[in-house]
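I opened my notebook on a structure that was new to me. I wanted to look up its sheet, its charged pairs and its surface.

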Amino acid sequence: MLSLALLTMPASSPEPPYKNTRFSQTTITELMIPSYSNFGGKIHGGVLLSLMDKVAYVCAAKHAGNYCVTASIDTVDFLQPVEVGELVSLMASVNYVGKTSLVVGIRVISENIKTNEIKHTNTSYFTMVAKDEANNLVQVPGLILESHDDVRRFIEARKRKQIKQNYRKEVEEIKVPDDYKQCKQLLAGERCYIQG
């Protein structure tokens, strides 16, 4: 069992003050209407992303006490389709804070109001940064971790941040040869061919 008293108490009086996750937790619920659907009758992924961005902003701004902008979005997997007429609830919570950035975890569920069936449709993580009136980055409050879930989410978010940094480094190191013969060797077995 973790000693939460040790995890939640900052070493000195920090500026700005620390806030717990409950302070900024946000839920938005919206009815899915026909104009949100694609040609297959399912709700557009873009509509869900827009709603996720909205709830991430509200949650981040409440915690930061400032305007926040989306810096990046971790993987968004569409686990279940959302149907017209369902209620979609987006639940957001601050999982991690850095100096001027914070990670908002979002869980999306849909509910069929006729059958009461509830589906988990998405989970995603939005990195937001806080800005002041002059559009300068500002420090965000620290995070008080009050439960084992708070601690787990913070550690997982920190690990995802490290993985993302390593991924960026690896992408920067990708070198494509100028020689077509080498390129053909690299693409052997893939469903493409180099014309010419």
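This is a predicted model: local features need pLDDT of at least 70, side-chain atom pairs count only at pLDDT 80 or more; totals for chains, interfaces and linings use all residues.

My entries follow, by topic.

I looked up the strand order and found an open sheet of 5 strands, E2-E4-E5-E6-E3, with antiparallel pairing. Strand E2 (26-31) and strand E3 (67-73) stand at the edges; each has a single partner strand, so one side of each lacks a neighbour in the sheet. From one strand to the next, the twist averages 30 degrees. I then checked E5 (residues 101-111) and E6 (residues 118-131), which pair over 11 bridges. Ile109 stands opposite His120 in E6.

**The helix across it.** I followed H4 and saw that this helix lies across E3, E4, E5 and E6. H4 runs at about 80 degrees to E4.

**Salt bridges.** How many salt bridges does the structure hold? I found 7. One of them joins the side chains of Arg22 and Glu146 at 2.9 Å, N to O. Arg22 sits in helix H2 and Glu146 in the loop between E7 and H4, 124 residues apart. Arg22 is exposed, at 53% relative accessible area.

I turned to Lys119 and Glu86, whose closest N and O atoms are 3.5 Å apart. Lys119 lies in E6 and Glu86 in the loop between E3 and E4, so the pair ties together parts 33 residues apart in sequence. Is Glu86 buried or exposed? Glu86 is buried, at 4%. Lys119 counts as buried too, at 12%.

I also noted a network of salt bridges linking Asp74, Arg160 and Lys164.

**The surface.** Val171 belongs to helix H4 and counts as partly exposed at 37% relative accessibility.

Terms used: Residues are numbered from 1 along each chain as its sequence is written. Side-chain values use heavy atoms; hydrogens and water are left out. Helices (H or I, at least four residues) and strands (E, at least two) are DSSP runs, numbered from the N terminus. Buried means under 20% relative accessible area, exposed over 50%, partly exposed in between (1.4 Å probe, protein chains only). Two strands pair if DSSP finds at least two bridges between them. Axes are lines fitted to C-alpha atoms, for helices over the stretch in contact, and angles run from 0 to 180 degrees between N-to-C directions. Contact means heavy atoms within 4.5 Å. A salt bridge is a side-chain nitrogen of Lys or Arg within 4 Å of a carboxyl oxygen of Asp or Glu.
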